[in-house]
Structures are given as C-alpha cells and as structure tokens.
Amino acid sequence: MFTISLCMIVRDEEGTLRRCLDSVKEVVDEIIIVDTGSRDHTAEIAREFTEKVYEFQWIDDFSAARNYGLERATQDYCMWLDADDVLKPEEAEKIQRLKEEMPVDVDVVMMKYAIAFDEWDRPTFTYYRERLVRNGDRCRFAGRVHEAITPFGTVKYEEIYVEHRKVKASDSNRNLRIYERMVREGEILGPRETYYYGRELYDHGRWRKAGRMLREFLRMPSGWEEDKKEACRLLAVCYYKQGHREKGLHSLLRGLAYGAPRPELCCDLGGWFLEEQMWETAVYWYEQALQAPRPEKGFCRENSRGYLPCLQLCVCWYRLGNYDKALYYHKEAGRWNPRGKEYLRNVPFFENLAYCK
C-alpha cells in the first residue's frame with residue numbers, strides 16, 4: 001500500500017476548508033497546508049487537521065506556492081486539492097482501494113474533475129487532472145496561472161471524481177492581471193500560457209485581443225491538440241462578437257483538422273447552420289454530436305452529447321415539417337434531463353402538438 005501527502009494552497013477559505021479536509025482526511029497520510037495570506041480563520045481550521053501549516057508570501061505565481069508545499073511532502077505520492085473541492089464518500093473509498101491495489105510502477109494517476117452540475121446534481125462538465133503524482137523532483141507544478149504538473153512515466157486513468165463546489169465568488173480579474181503582468185515584464189509566453197491568456201481575455205469580453213492570442217496559439221507548432229480544438233470554438237465566438245459570422249464558421253471548420261470532432265464542436269456547427277435556417281445541415285451536425293463517442297481526454301460537456309443536440313433537433317425537424325421527429329427528440333431531451341428548464345418550457349407545446357395529431 002502506498003501513502004499520500006495532501007498538499008494544498010489556501011487563502012481566506014474558512015467557509016470551505018473544513019468540508020474539504022473532512023472529505024479526504026481518511027485516505028491521506030499527511031496534510032500540508034500553505035497559507036498565502038489569509039485574514040480569516042483559515043489557518044486555525046487547518047491546524048485542526050494538521051500541524052504542517054506554512055505561511056507563504058503571495059507573489060502572483062500559483063506554481064511557486066504549490067511547489068512550496070510539494071517540497072515538504074514526505075509520503076510516496078502527492079495529491080493536490082483546492083479548498084472548495086470535495087470528495088464524496090464513495091469516491092474516497094475508491095482512492096482507498098486504489099492505495100491497496102495499484103501497481104507499484106504507476107507514476108501519475110489522472111482523476112476526473114467535475115466543475116459543473118445539472119438540476120439532478122449530475123456532473124455536466126468534467127476533465128481529467130493529474131491528481132496523484134509520485135513524490136520526487138518531477139512532481140512540480142509549472143505555470144504562474146492555470147498551473148499543472150506534466151504527466152510522466154506510467155500514467156493511469158481512474159474513474160474517480162473530485163468535485164469543485166464553489167460557495168463564494170473568486171477574484172475574476174486575478175488571472176488576467178497576472179498574465180498582463182507577465183507580458184509587461186517581457187516574459188515569453190509558451191503555447192499553454194498563450195492559450196490560457198486568450199481564454200482569460202475571452203472571459204472578459206475582450207474579443208479582438210482574445211482572438212489575436214488564440215490565433216497566435218493556433219499558429220504554434222506545439223500545444224495540446226485538445227486545447228487547439230477548444231481554441232477554434234472560442235475564436236469563432238470572438239469573430240461573431242465582432243460581426244464576422246463567416247470567419248466564425250471557418251474557425252469551427254478548422255477545428256476538424258485536429259482529429260475527430262468533439263460533441264461541442266458538432267453542436268457549434270449545428271448552431272451556425274441553425275442560425276442560417278439551413279435546417280438539414282444543422283440536423284446533420286447535431287446528429288453527429290449524438291453519435292460522437294464520449295471524449296477520453298480534454299473537457300467533456302455532457303449536455304453536448306445528448307440534451308443540447310436533442311433540444312435543437314426538435315427545432316430543426318419542426319421547421320422541416322416533420323412533427324414526429326420533432327416530438328421524438330423532445331422526448332429524448334427529457335430522457336437526458338427531465339428537469340432541464342428548456343425541456344420543461346417545451347412540454348406544453350409538444351403535448352398540444354401530440355394532441356392535435
């Protein structure tokens with residue numbers, strides 16, 4: 001059985017830290033908390049669980065803070081969490097079984113990160129993160145923002161969910177400030193930094209500059225293929241916001257160059273043709289979204305694989321005059337999410353349509 005050091009960075013997290021640590025304390029063997037400047041009771045709560053609470057002066061560098069904790073880890077593997085993350089009991093049990101059964105040659109364990117949920121509290125937006133990493137020199141984060149540990153050696157993927165459950169708003173401008181500081185100081189941005197800088201600009205509605213950074217990222221020969229697929233989708237929106245719909249379509253079609261289209265890209269293409277009232281072409285792309293396999297890597301938006309394309313297929317088939325298929329996809333949308341507000345809003349209309357038939 002291997003042992004785990006839990007390493008966390010925190011700041012003003014008195015509202016969530018106890019919940020997080022309660023959920024994981026039984027499956028970790030060491031807890032290391034790095035406080036980056038709390039002014040509330042975060043440090044006191046942390047000391048209820050561990051004596052290893054350290055202060056670290058914040059320097060606009062997430063990796064520096066996380067690595068400060070990793071350097072103090074003494075167990076076989078390191079695990080990281082944010083204070084507003086939580087493990088359900090059944091997920092903690094999976095980690096305990098993993099500790100007992102995992103082959104000794106595994107270096108990195110990738111686990112699912114769930115950051116959005118539907119009306120049934122089911123995860124709707126997930127992706128894999130390097131959650132358990134063999135302790136040592138290679139177990140270090142890189143990147144001042146959107147930091148990550150580059151997987152190495154033998155990597156194992158596990159259907160274990162860490163849930164991100166925010167209870168307060170974070171500083172929405174923090175990451176953008178850090179990127180802009182990096183640029184002012186003359187730091188050369190690599191592919192990952194360029195992509196995420198573009199995303200931050202996108203999130204702040206700075207469409208022109210976001211588009212420029214995303215195009216720069218796409219021109220780079222390196223860069224993760226999944227990020228390039230997503231960059232094409234974001235760039236399309238940047239074009240739309242500037243009144244360039246045709247360029248937006250070209251950006252979406254460029255996404256097809258990076259492998260089999262993800263459900264999200266299929267839905268975006270369907271949406272473009274739906275807006276143009278090209279119903280049959282829209283049907284084609286929404287049906288592709290339904291048929292696309294569940295992505296094994298990168299972001300997975302569950303609604304794009306079922307609920308959303310079914311809703312839009314209702315519209316397309318209704319506009320094409322095929323009421324049977326419109327009703328069928330309405331029911332399929334309800335099967336995917338019976339509490340979906342869009343589905344429920346359509347229920348009276350389709351009940352009347354069925355009655356009239």
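Below, each label is set against its cut-off.

Biologist: What kind of model is this, and which pLDDT do local features need?

Modeller: This is a predicted model; local features need pLDDT of at least 70, side-chain atom pairs count only at pLDDT 80 or more, and totals for chains, interfaces and linings use all residues. Residues are numbered from 1 along each chain as its sequence is written, and side-chain values use heavy atoms, with hydrogens and water left out.

Biologist: Why is Thr126 called buried?

Modeller: Buried means under 20% relative accessible area, exposed means over 50%, and partly exposed is in between (1.4 Å probe, protein chains only). Thr126 has a relative accessible area of 2%, so Thr126 is buried. Thr126 is found in strand E7. Strands (E, at least two residues) and helices (H or I, at least four) are DSSP runs, numbered from the N terminus.

Biologist: What does Thr126 contact, leaving aside neighbours within four places in sequence?

Modeller: Contact means heavy atoms within 4.5 Å. Thr126 is in contact with Lys112, Tyr113, Ala114, Tyr161, Arg294, Gly298, Phe299 and Cys300, leaving aside neighbours within four places in sequence.

Biologist: How do you know whether Thr36 is buried or exposed?

Modeller: The relative accessible area of Thr36 is 9%, so Thr36 is buried. Thr36 lies in the loop between strand E2 (30–35) and helix H2 (42–47). Thr36 touches Val10, Arg11, Phe56, Trp58 and Ala65, not counting residues up to four places away in sequence.

Biologist: And Lys25? What makes Lys25 partly exposed?

Modeller: Relative accessibility is 37%, so Lys25 counts as partly exposed. Lys25 lies in the loop between helix H1 (17–24) and E2. The C-alpha atoms of Lys25 and Ala92 are separated by 9.3 Å. Along the chain, Lys25 and Ala92 are 67 residues apart.

Biologist: What makes the phi of Asp60 worth a remark?

Modeller: Most residues other than glycine have a negative phi. Asp60 is not a glycine, yet has a positive phi of about 60°. Asp60 sits in the loop between strand E3 (53–55) and helix H3 (62–70). With 22% relative accessibility, Asp60 counts as partly exposed.

Biologist: What is the phi of His146?

Modeller: Phi of His146 is near 50°, a positive value in a residue other than glycine. His146 lies in the loop between strand E7 (123–134) and strand E8 (155–164). The relative accessible area is 25%, so His146 is partly exposed.

Biologist: On to the core. What makes a set of residues a nonpolar core?

Modeller: A nonpolar core is a set of buried Ala, Val, Leu, Ile, Met, Phe, Trp, Tyr and Cys residues joined through side-chain atoms within 4.5 Å. The largest one has 77 residues, of which Leu6, Met8, Met79 and Leu132 touch the most other members. A second, separate core of 31 residues includes Ala236, Val283, Trp285 and Ala289.

Biologist: Why are H10 and H11 called roughly antiparallel?

Modeller: Axes are lines fitted to C-alpha atoms, for helices over the stretch in contact, and angles run from 0 to 180 degrees between N-to-C directions. Angles under 35 degrees count as roughly parallel, over 145 as roughly antiparallel, 65 to 115 as roughly perpendicular and the rest as oblique. The axes of H10 (residues 263–275) and H11 (residues 279–291) come within 8 Å and cross at roughly 170°. That makes H10 roughly antiparallel to H11. Their contact residues divide into 11 nonpolar, 4 polar and no charged. Here Ala, Val, Leu, Ile, Met, Phe, Trp, Tyr, Cys and Pro count as nonpolar, Asp, Glu, Lys and Arg as charged, and the others, Gly among them, as polar.

Biologist: How do you know the relative direction of H7 and H8?

Modeller: The axes of helix H7 (residues 207–219) and helix H8 (residues 225–241) cross at roughly 150° and come within 9 Å. H7 and H8 are therefore roughly antiparallel to each other. The residues of this contact divide into 12 nonpolar, 1 polar and 4 charged.

Biologist: Last one. Why is Leu252 called buried?

Modeller: Leu252 has a relative accessible area of 1%, so Leu252 is buried. Leu252 is in helix H9 (residues 245–254). Leu252 and Leu269 are 17 residues apart in sequence and 6.7 Å apart in space, C-alpha to C-alpha.
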